[in-house]
Amino acid sequence: MKQYAYYPGCSLESLGKSYNSSAMAVAGALDVELKEIEDWNCCGATAYFPVDELLAYTLTARNLAKAEKTGLDFVAPCSACYKNAYFTNSYLQRDADLAEHINYALEADNLHVSGTSKVRHLIEVFINDVGLEEIKNKVTHPLKGLRVAPYYGCQILRPRKDHEDVENPQYFEGLLSTIGAEPIEYASKTRCCGGSLIITNRKAALDMVRILLLDAINHNADVIATTCPMCNVNLEVYQNQVNREFGTQYSIPVMYFTQLMGLALGIVPGNLGIGKEQISGASMLAFAQNAKQERNL
Amino acid sequence: MVDELFFSHEIANIMYASHGEPITNCLQCGTCSGTCPAVEFMDHTPRQIIGMIRADLKEEVMASNTYWTCASCFHCTVRCPAEIDIADMMYALKRYSMWKGQFREGLIGPDFSEAFVKMIVNSGRSFEPLLAATYLPKFSARDIIQEGLMATGLVLSGKMPLLPKKIKGLKKFQQMVRRIIPIGEPS
Amino acid sequence: MSERIGVYICHCGTNIAGIVDVADVSKWAGEKLADKGVVVSRDYKFMCSSLGQELIQKDIKEQKLTRVVVAACSPHLHEKTFRNACKGADLNPYLCELVSIREQDSWVHTDKAAATVKAKAIVSGGVARVIHHEALEPLRVPIHPATLVVGGGIAGIQAALEIADAGFRVYLVEREPSIGGHMAQFDKTFPTLDCSACILTPKMVDVGNHPNITLLTWSEVQKVDGYVGNFTVTIKKKPRYIKTEDCTGCGICWEKCPKKVVDDIFEAGMGKRKAVYVPFPQAVPKYPVIDDVNCTYYLKGTCKACEKFCPTNAIDFNQKAEEITVEVGNIILATGYDLFDARRIPHYGYGKLANVFTNLEFERICNAAGPTGGNIVLRDGKTAPKTVGIVHCVGSRDKNYNAYCSAICCMQSLKFAHLVRERTGAEVYNFYIDIRTPSKGYEEFYQRLLEEGTRFVRGKVAEVTNVARVPEEEGKLIIQVEDTLIGKQRRIPVDMVILSSGMQARHDSKDVAKLFGISCSADNWYIERHPKLDPVATMTDGIYIAGCVQGPKDIPASVVQGAAAAARVLGKIQQKEIALEPVRATINEDQCSGCRICNNLCPFNAILFHEDKMVSEVNLALCQGCGTCVAGCPAGAISGTGFSNDQILSQIDGLLLLNISHAAVPVES
Amino acid sequence: MTEESKPFEPVIIGFTCNWCSYRAADMAGTARMKYAPNIRLIRLMCSGRLDPTFVFKAFAGGADAVLISGCHPGDCHYVEQNYKAMRRFHLLKRVLVQMGIEPGRLKLLWASAAEGAIFAAEINKFTEEVRALGPLNWSQPGEIVSTPIMEEVTA
């Protein structure tokens with residue numbers, strides 16, 4: 001069983017609950033143990049940096065320090081948390097001066113950080129550590145014919161980490177194909193959904209959501225799959241407001257990639273947090289059911 | 001007497017840990033602004049902001065809504081042919097305006113950021129409902145109603161908790177924060 | 001003290017004197033180094049000027065100097081100058097030492113006191129070293145009069161013709177089946193709009209017919225041995241499967257060949273060719289090549305249609321690759337460039353969006369002999385575009401790809417805009433960062449385009465997409481860009497996008513550089529000996545570069561370089577022999593223990609072991625003077641001329657004469 | 001300014017090869033890149049010419065550190081002689097330790113003719129490292145007894 005220091009992040013305790021439950025369920029099914037970091041704190045998403053850069057790094061460093069103690073890779077399911085942790089970690093390695101400042105602050109909490117842990121996104125753990133081959137072997141309900149728009153969003157890709165093609169990544173598509181779904185190719189998969197503006201600049205954010213929905217729907221997607229609670233909430237919960245603002249009639253389900261994986265792995269929908277969405281994901285269930293029936297025949 | 005720093009130098013200085021090249025390298029090619037998904041809602045395009053910083057037009061830059069309209073999607077950063085971290089520059093401008101208290105009236109961003117940080121300093125975690133107080137007063141009546149309807153839906157579906165969480169080691173956590181910024185005695 | 005040394009400190013205007021206190025250095029050397037033999041020490045505004053040189057010559061004669069130390073610029077610049085000056089005053093040129101206080105001192109330091117101390121140390125090192133210099137005579141070797149030109153594009157063609165016309169043998173090696181290079185693929189040349197093929201093919205024919213040119217197409221250089229004047233080059237001739245002595249180039253074979261193959265090279269993937277083919281009708285030589293990767297006979301063992309129909313029985317399916325060796329005195333590399341792969345910028349859509357074309361594809365579309373017969377149409381082969389967007393700087397001026405400017409794309413894009421408007425009347429948008437038109441007639445061409453009504457949008461294109469947001473965008477390609485002159489993001493719907501992909505070094509340029517023993521810049525362009533004053537020579541004697549292999553340039557500049565490289569080679573050939581630096585290793589037989597350690601250290605197999613005498617000996621013709629054997633000899637039996645142990649150990653002593661802290665000078669913090 | 005308050009200014013002898021690293025230094029000059037004035041260069045034809053005696057001589061003569069610089073592996077003008085310099089470098093480091101000289105006083109730097117910027121930056125870095133080590137003091141040989149683990153073992 002592979003173990004990871006798991007950093008769920010605040011959103012997974014509230015708006016992203018179903019992401020957390022589905023991540024846990026899928027991890028279990030894939031022999032992955034996500035050991036939650038003890039007494040973690042908020043990483044600050046995009047709202048810390050406008051106030052104090054050093055504080056932003058320190059808050060993330062506290063979580064990294066706790067992960068370092070365990071010697072396990074730091075895994076975040078939320079793209080914003082992932083980006084913050086990734087860069088804090090790499091700056092710690094690179095900038096001794098910054099590390100000294102941060103460690104001075106961490107001392108107050110009896111912690112020390114050196115930037116030695118590896119920071120990973122949950123999807124990347126499933127793809128690289130578990131492996132597509134292994135996942136494929138465990139799929140019992142392939143989501144055959146389900147047209148999924150893989151939505152990468154921003155911070156999982158950008159700023160450039162060291163491994164991925166930031167303009168035209170393909171790993172999400174690979175994962176979706178593995179669980180039997182049909183990933184659609186659409187240009188907006190790495191375009192920003194405006195998540196961080198939804199409170200501070202509603203008009204701009206809704207326009208950004210609209211463009212994404214439009215592109216996915218024009219490509220006949222049945223569902224948008226996300227890798228981040230911020231994107232998920234933004235794309236799903238605000239669809240009504242988009243419709244009101246722009247006179248559209250969008251109603252496309254938005255699911256976490258872990259929820260789709262869970263369905264394909266035959267996990268009961270209740271354990272994946274399915275059924276709590278604003279736009280029903282019932283069609284997804286139907287796909288999984290059909291798959292099962294085909295199998296029974 | 002100390003000469004006053006050029007605004008362009010100040011901004012360069014506070015792009016502290018940025019990966020990017022200095023904004024003096026900007027070619028003014030407009031890739032950032034051509035890429036930006038929120039540019040329509042900005043007073044000035046990101047490229048213009050760089051030009052304005054280089055021209056030391058401090059008042060005009062501070063009064064622009066551009067940097068508060070940045071969604072931090074970093075698309076400009078990865079495409080910039082001069083490898084300037086433009087999104088990080090926007091953060092630097094936000095910080096600068098917060099320190100100097102110089103930003104345009106009526107923006108939600110500054111209050112929101114401040115409230116967010118306060119909340120985290122007080123509890124160690126973020127909690128959406130508490131933040132509503134910072135932005136609802138600036139929303140229109142229609143927006144408030146919609147926000148209310150949505151929140152109710154979220155609570156009913158069990159997605160939004162009603163009570164904020166606090167971390168266990170809060171006291172030490174706050175001592176840690178105090179070593180970075182002065183937040184006063186623990187409440 | 002037996003030596004009488006003169007020390008000369010150059011001001012180089014303010015280049016050195018602005019940072020180093022040259023008068024102080026000169027005075028110090030005269031006083032403090034007198035015990036080393038310094039009898040005269042002077043500083044002068046420009047030592048390299050004729051007056052400066054005369055100053056040294058006068059001192060050599062009047063002061064009876066036996067050694068000269070000049071502290072000025074890098075020895076790579078003026079070592080020869082000062083050696084010649086000494087020679088002019090009958091002092092053996094190798095008794096002169098040039099030490100650098102410019103590139104390695106005044107130009108890289110800001111602290112005047114520290115730089116002055118360092119200059120003193122450098123001078124002291126030079127003085128200590130020069131005492132141990134020996135009078136040497138340069139090695140003289142004959143120059144083979146033949147020349148190898150690698151690459152049959154316009155630069156290589158020009159170079160080959162110049163040398164051949166002067167009456168000397170040229171071996172022209174080309175990797176592809178025909179010479180012509182990129183220029184043969186173009187439709188028109190800017191700014192004159194001459195037909196590219198019309199001006200190029202006569203030159204190609206000249207090469208093919210020239211009695212002094214041995215044309216080796218479908219061939220590659222495998223190995224280069226030797227040194228300037230005496231290179232031995234091994235060339236691999238790939239099998240053509242055609243007996244060229246019998247082939248008349250009649251074309252029946254490719255007419256009859258049943259196998260069609262997409263032509264990725266000459267037609268840039270836009271057209272097809274047969275499995276037996278000449279790349280284009282005017283190809284030189286006229287003989288075809290059988291593509292053994294795609295030929296049905298090689299795939300399935302049957303077909304041989306070409307053989308059946310060939311009227312002269314020139315097909316030979318059993319032909320094998322052949323290696324030939326040629327002796328040449330000089331080599332010109334003109335291997336050209338690769339086009340930047342536009343797929344590396346996925347957001348420009350090339351490869352995904354059908355009607356996004358590269359510049360090379362568009363050249364073929366425009367070309368009357370190309371796949372569309374010169375009709376400017378979309379990928380469907382029939383629809384003429386109503387609006388065309390031309391994107392400048394694709395992969396150039398961008399640190400994510402190539403940071404340099406590719407030099408030709410502005411003019412090429414303007415040329416495209418003109419051709420599109422002329423032939424289709426379509427609306428044309430040029431998206432540029434800066435318009436660069438620095439050569440003769442170029443700016444006038446830009447003015448002409450402005451008059452013609454081509455639209456110019458100043459801004460680097462952010463993305464090309466087919467995601468329509470408004471009805472006008474449906475079915476179009478949308479170019480999203482900031483129009484920087486009005487400060488607004490614009491989305492401009494067009495039917496066709498042309499990407500002006502930049503130039504980059506050949507994908508194998510590093511390997512080729514290694515083969516010929518020259519160096520590449522960080523961008524893999526080959527480095528010239530001097531960027532201003534010696535642009536076609538390389539650091540390796542006898543190897544010259546011409547055309548885009550040195551960096552992006554247009555046709556006129558490539559022709560100029562081809563001719564210039566040829567002139568340099570002809571100059572060498574006319575000298576008949578060449579003087580080589582006498583930096584060589586020699587073994588003292590009496591000290592040699594015969595351990596043979598040095599034998600294996602030498603990469604040039606220049607050290608022979610005499611079994612009879614049990615001693616090793618250096619073959620001076622093969623020795624390149626690296627000195628590794630000198631350092632490796634456990635008996636100290638090998639000495640390195642020009643870089644002897646005495647010279648270097650003394651220089652170390654000299655350099656350490658002054659310790660920065662002991663000199664008690666304030667230094668940079 | 002008193003003698004004590006002055007920062008220690010090390011003297012570094014740098015051996016460069018004629019084809020790559022000396023030209024890198026030339027390029028740093030031509031581009032007017034700035035670096036610490038503590039280094040004094042000696043030009044050899046090839047880093048393979050570096051006789052270990054030169055390094056001992058430099059330390060004996062009062063140098064606080066020695067830089068050995070050549071073409072990148074694979075780029076040697078003399079095919080592969082820089083590999084020989086690399087072997088000597090590793091051997092030298094070991095010997096120096098036994099003589100009581102900190103291994104940090106000897107540095108190997110690959111620099112191509114195009115890498116003026118890298119050359120300048122590395123000299124600055126090295127100068128600071130040596131400054132931190134202080135003046136060479138090898139009056140007590142054998143003081144540094146632990147032989148560092150070799151970073152790489154070359155054939």
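Mentor: Let us begin with one pair of residues: Ile224(A) has Val254(A), in β8(A), as its bridge partner. The model is a predicted one, in which local features need pLDDT of at least 70 and side-chain atom pairs count only at pLDDT 80 or more, while totals for chains, interfaces and linings use all residues. Residues are numbered from 1 along each chain as its sequence is written, chains are lettered from A and ligands numbered from 1 in the order in which they are written, and side-chain values use heavy atoms, leaving out hydrogens and water.

Strand β7 of chain A, residues 223–226, pairs with β8(A) in the parallel sense over 3 bridges, where pairing requires that DSSP finds at least two bridges between two strands. Both belong to an open sheet of 4 strands in chain A, ordered β6-β5-β7-β8 with parallel pairing, and its edges are β6 (182–183) and β8 (254–256), each of which pairs on one side only. Across β5 (147–151), β7 and β8 of chain A lies helix α8 (229–237), which runs at about 165° to β8(A); helices (H or I, at least four residues) and strands (E, at least two) are DSSP runs, numbered from the N terminus, and the angle, on a scale from 0 to 180 degrees, compares the N-to-C directions of axes fitted to C-alpha atoms, for helices over the stretch in contact.

Note on methods. Contact = heavy atoms within 4.5 Å.
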